[in-house]
Amino acid sequence: MTATASPVRKVTRPRADAQRNRERIVSAAREMFVEHGPHVPLDEIARRAGVGNATVYRHFPDRDALVRDVVCSVMDRTSEAAETALAAGGDAFAALERFVHTAGDERISALCPMISSTFDESHPDLEAARQRVERTVGEIMDRARAAGRLRPDVGVGDVMVAVAQLSRPPAGAACLSVDSFVHRHLQLFLDGLRAPARSVLPGTTVTMEVLRQS
């Protein structure tokens, strides 16, 4: 009797074209969320991404899933920039500068408000991305402070609030029309973080815990 060969189980992997489509959707969604806010029609996002509406819904069953993926990808990219600078083992303050300018490029100020207004803030993907950012920035600041480069009276919350405020366009200004000024103002802020401090800050150091309770 001839033995029957056992069927070979195939492992399903995302097709390369499907992965590219997902990345195009996330990139287009980020651009349009920055320009128009989180309620931009999904068919407009599909059009900018160069895919059909069905492709968008195949990857993201609802708007919350897409917004969450965009916000997490932005936070992950800013974390990666900071981690890369930190791993180089050079000036910790330079690593902080890299994080701040990358966050400005990613337009965190336009994306972060969507976290509290559109979906569950405690979603595990969002929480993991948030903790990664806070942990990385906290480590960078600790090293810069220990090296005498960072003033001692600022916390991670101070940095995150300042980056969000300084990369947000003023009321009445087009979002993209102020891009050329963002890095100038962020650098002014960074110069104010350097030790020795030139003034005494009002209030107390702002940590992420303080921000969450406010």
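Trainee: Glutamate 134: buried or exposed?
Mentor: Glutamate 134 counts as buried, because its relative accessibility is 17%. Buried means under 20% relative accessible area, exposed over 50%, and partly exposed in between, with a 1.4 Å probe and protein chains only. This is a predicted model, where local features need pLDDT of at least 70, side-chain atom pairs count only at pLDDT 80 or more, and totals for chains, interfaces and linings use all residues. Residues are numbered from 1 along each chain as its sequence is written, and side-chain values use heavy atoms, with hydrogens and water left out.

Trainee: Where is glutamate 134 found?
Mentor: In helix H8. Helices (H or I, at least four residues) and strands (E, at least two) are DSSP runs, numbered from the N terminus.

Trainee: And what is glutamate 134 in contact with, leaving aside neighbours within four places in sequence?
Mentor: Val156, Met208 and Arg212. Contact means heavy atoms within 4.5 Å. Take valine 156: it sits 22 residues along the chain from glutamate 134, and their C-alpha atoms are separated by 7.0 Å.

Trainee: Val156 again. Which residues in H8 and H9 meet?
Mentor: On the H8 side, Val133, Glu134, Val137, Gly138 and Met141. On the H9 side, Val156, Val159 and Met160.

Trainee: At what angle do the axes of H8 and H9 cross?
Mentor: Roughly 110°, and the axes of H8 (residues 124-146) and H9 (residues 156-166) come within 10 Å. That makes H8 roughly perpendicular to H9. Axes are lines fitted to C-alpha atoms, for helices over the stretch in contact, and angles run from 0 to 180 degrees between N-to-C directions. Under 35 degrees is roughly parallel, over 145 roughly antiparallel, 65 to 115 roughly perpendicular, and the rest oblique.

Trainee: Is the H8 and H9 crossing right-handed or left-handed?
Mentor: H8 passes H9 in a right-handed crossing. A crossing is left-handed if the near helix is turned anticlockwise from the far one by less than a right angle, and right-handed if clockwise.

Trainee: Now H4 and H8. At what angle do they pack?
Mentor: About 25°, with the axes 9 Å apart. That makes H4 roughly parallel to H8. This crossing is left-handed. Residues of H4 that meet H8 include Val71, Met75, Ala82 and Leu86. Among their partners in H8 are Leu126, Val133, Ile140 and Arg143.

Trainee: How about H4 and H5? What angle there?
Mentor: About 160°, with the axes 8 Å apart. That makes H4 roughly antiparallel to H5. H4 passes H5 in a right-handed crossing. Arg77, Ala81 and Ala85 are among the H4 residues that meet H5, whose own side includes Ala95, Phe99 and Thr102.

Trainee: Staying with H5, where is the place of alanine 92?
Mentor: Alanine 92 is in H5, which covers residues 92-105. Alanine 92 counts as buried because its relative accessibility is 11%. Beyond four places in sequence, its contacts are Ile140, Arg143 and Ala144. Isoleucine 140 is 48 residues away along the chain, yet the two C-alpha atoms are separated by 5.8 Å.

Trainee: Back to H4. Valine 74: buried or exposed?
Mentor: Buried, with a relative accessible area of 2%. Valine 74 lies in H4. Serine 27 is 47 residues from it in sequence and 9.9 Å in space, C-alpha to C-alpha.

Trainee: Switch to H2. Which of its residues are buried?
Mentor: In H2 (residues 42-49), they are Leu42, Ile45, Ala46 and Ala49. Seen down the H2 axis, these fall within an arc of 100°, so they line one face of the helix. The arc is that of the directions from the helix axis to the C-beta atoms. An α-helix has 3.6 residues a turn, so residues three or four places apart point the same way.

Trainee: What do the buried residues of H2 pack against?
Mentor: H1 (16-36), H3 (53-59) and H4 (63-87). Glycine 50 follows H2, and its phi is positive, near 75°.

Trainee: Which two residues does a cis peptide bond join?
Mentor: Alanine 195 and proline 196, with omega about 0°. Proline 196 is in the loop between H10 (179-193) and H11 (208-213).

Trainee: Whole protein, then. How many helices and strands?
Mentor: 11 helices and zero strands. Buried residues make up 42% of the 214 residues. Among contacts between residues at least 6 apart in sequence, 73% join residues at least 24 apart.
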